[in-house]
Amino acid sequence: MASLSRDPENENIALDQIDQREYTSGSEPLDRSPSAEFSLPPVDGGRDAWLLLAACWGVEAMTFGFGFSFGVFQEYYSNNAPFAGSSGIAAIGTTTTGVLYLGTPFVNALCRLYPRQARWYTLAGLFMSSLALALSSFCTTIPQLVVSQGILFGIGGCFAYCPCTLYIDEWFVKRKGLAYGIVWGAAGLGGAIFPPMLNALLRNVGFQTTTRICAGILFGSSAPLAFFIKPRLPYSAVTQNRRLNMRFVTSKLFILYQTANVVQALGYFLPSIYLPSYARTSFEASTFLSALTVMLVNLAASVGLMVMGSLSDRLTVTTCTLISAMGVATSVLLIWGLSASLPALYVFCICYGLFAGSWASIWPGIMREVSNRSEEAGLGLSDPVMVQGHLCIGRGVGNIISGPLSDSLIRGMPWQGKTLGGFGSGYGPLILFTGLTGLMSGMNFVWKKLGFF
């Protein structure tokens, strides 16, 4: 029997031709009625596909956009009652992003195991995230905020966006990388727009009212979009074996890609954490001009994700990683490392966002290659969505480690006044580490040339 379930040349699939290997024990029977044949909507285009993509973009912008903007709350908590002077404030934001990333494979697995219920995960997750924000308005201690804004918001956001990943994989084939790049770019745009809005709200109406307004905005603006986030394939055609195959994690190919993924994440988050303080201490920039550094990184990352997503549909994975790695190393080590003015720093922010921020758009190529090669290596069929979930784990681990690691890199302001530009600012080791990890993220281009895979 011909396997057409993943063939990009067959946009309208006759259900009785779907490869039975993917739907073994635990599957529901396929609908073989004549009306079911050739009834699937087209991939890579059409009204439903673009509506889904737009809805996923909105959900991503709201969940990750708010998640990436918690640095604004962190600054407010550090300087205002009842949280000023408390320890552990930084753990709120890192918990949020950590849960968003680390929870992905588990929610993806639930989506595969219970596909009928997965359609409503987005709405339930948005409700949970909004409720978490509303509950945080009653918090009076940092541990309470870690639970509400960190854990509960992160879990809700994870349930909200995971179905997006699942259904984009069904609706887009030849343009898969571009589709993921567009949606994932929404997080960067949200991370650029929300901070000034949150700053204004916190300054004018205070913490409690701000969190309640944000809860209303989050649910009111994105909940209607959840009804457009729907599967392309009928439930019987997407039900997976309840014993999900994770054997791909033992393959050399995945291990090498995951290693590069973790290395990239170790350095990726550092500039966004320290650029505002770097701009203030090195160039005496105002609050807005300091915050503009992160806004430029996020805006450029949105563009970079779309561009790299389009490239990943045409180029090999290792070529894409090399482009990202060389761009990051050049922008960090040369522009930031040697910059001696605020305008030059802004140039770095744009270049860094374009090349470093585009990394996630390489994932669709990794998902495709690992899935295909796992079957060839005798590891069985591997779900590309589960590959993406494990890549999120790598990124989450890198995110969590980078926080305490960065403190040790700048402790005592090493190299300050002893060399040129940014390297002599006291942030030199951090700049060097970020540049080297960015460069090493392209290591698989070399490994492939040497025949490691």
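This report walks through the core, a surface patch, the aromatic pairs and the salt bridges of a predicted model.

Let's start inside. The largest nonpolar core takes in 110 residues, and those with the most contacts within it are Tyr77, Ile168, Trp336 and Trp363. Take Tyr77 and look at what surrounds it: leaving out residues up to four places away in sequence, Tyr77 touches Phe83, Ala84, Ile89, Ile92, Leu145, Gln149 and Phe207. As a bit of background, nonpolar side chains tend to be buried together in soluble globular proteins.

Now for the outside. Val303, Met306, Val307, Ile350 and Leu354 make up a nonpolar patch on the surface, and together they have about 370 Å² of accessible area. Two helices, H12 (287-312) and H14 (342-356), each supply at least two residues of this patch. H12 gives the largest share, with 3 residues. Val307 is a handy one to click on: it sits in helix H12, and its relative accessibility of 47% is why it counts as partly exposed.

On to the rings. There are 24 aromatic pairs in the structure. In one of them, the ring centres of Tyr121 and Phe159 are 5.5 Å apart and the planes meet at 75 degrees, so this pair is edge-to-face. Tyr121 belongs to helix H6 (residues 121-136) and Phe159 to helix H7 (residues 142-171), so the pair ties together parts that lie 38 residues apart in sequence. Tyr121 is buried, at 13% relative accessibility, whereas Phe159 is partly exposed, at 23%. The pair of Tyr268 and Phe269 is edge-to-face too, because its ring centres are 5.1 Å apart and its planes are at 70 degrees. Tyr268 is buried at 13% relative accessibility, and Phe269 is buried at 12%. Both of these rings belong to one aromatic cluster, whose members also include Phe64, Tyr101, Tyr161, Trp336 and Tyr427.

With 0% relative accessibility, Cys162 counts as buried. Setting aside neighbours within four places in sequence, Cys162 is in contact with Thr104, Val107 and Asn108. Cys162 and Tyr121 are 41 residues apart in sequence, and their C-alpha atoms are 8.2 Å apart in space.

That leaves the charges. The count comes to 5 salt bridges, and the table gives some of them.

| Asp48 | Arg47 | 3.5 Å |

Where do Asp48 and Lys230 lie? Asp48 is in helix H1 (residues 47-67), while Lys230 is in the loop between helix H8 (176-222) and helix H9 (235-238), so to speak a link between distant parts of the chain, 182 residues apart. Through shared partners, salt bridges join Arg47, Asp48 and Lys230 into one network.

Are Asp169 and Lys176 buried or exposed? Asp169 has a relative accessible area of 11%, so it is buried. Lys176 is buried as well, with a relative accessible area of 12%.

Technical notes: Residues are numbered from 1 along each chain as its sequence is written. This is a predicted model: local features need pLDDT of at least 70, side-chain atom pairs count only at pLDDT 80 or more; totals for chains, interfaces and linings use all residues. Side-chain values use heavy atoms; hydrogens and water are left out. A nonpolar core is a set of buried Ala, Val, Leu, Ile, Met, Phe, Trp, Tyr and Cys residues joined through side-chain atoms within 4.5 Å. Buried means under 20% relative accessible area, exposed over 50%, partly exposed in between (1.4 Å probe, protein chains only). Contact means heavy atoms within 4.5 Å. Patches are made of residues with over 30% relative accessible area and no salt bridge: like charges are joined within 9 Å, nonpolar side chains (Val, Leu, Ile, Met, Phe, Trp, Tyr) within 5 Å. Accessible areas come from the Shrake-Rupley method with a 1.4 Å probe; for residues, only the protein chains shown count as cover. A salt bridge is a side-chain nitrogen of Lys or Arg within 4 Å of a carboxyl oxygen of Asp or Glu. Helices (H or I, at least four residues) and strands (E, at least two) are DSSP runs, numbered from the N terminus. Rings of Phe, Tyr and Trp (its six-membered ring) pair if their centres lie within 6.5 Å; planes under 30 degrees apart count as stacked, over 60 as edge-to-face and the rest as tilted.
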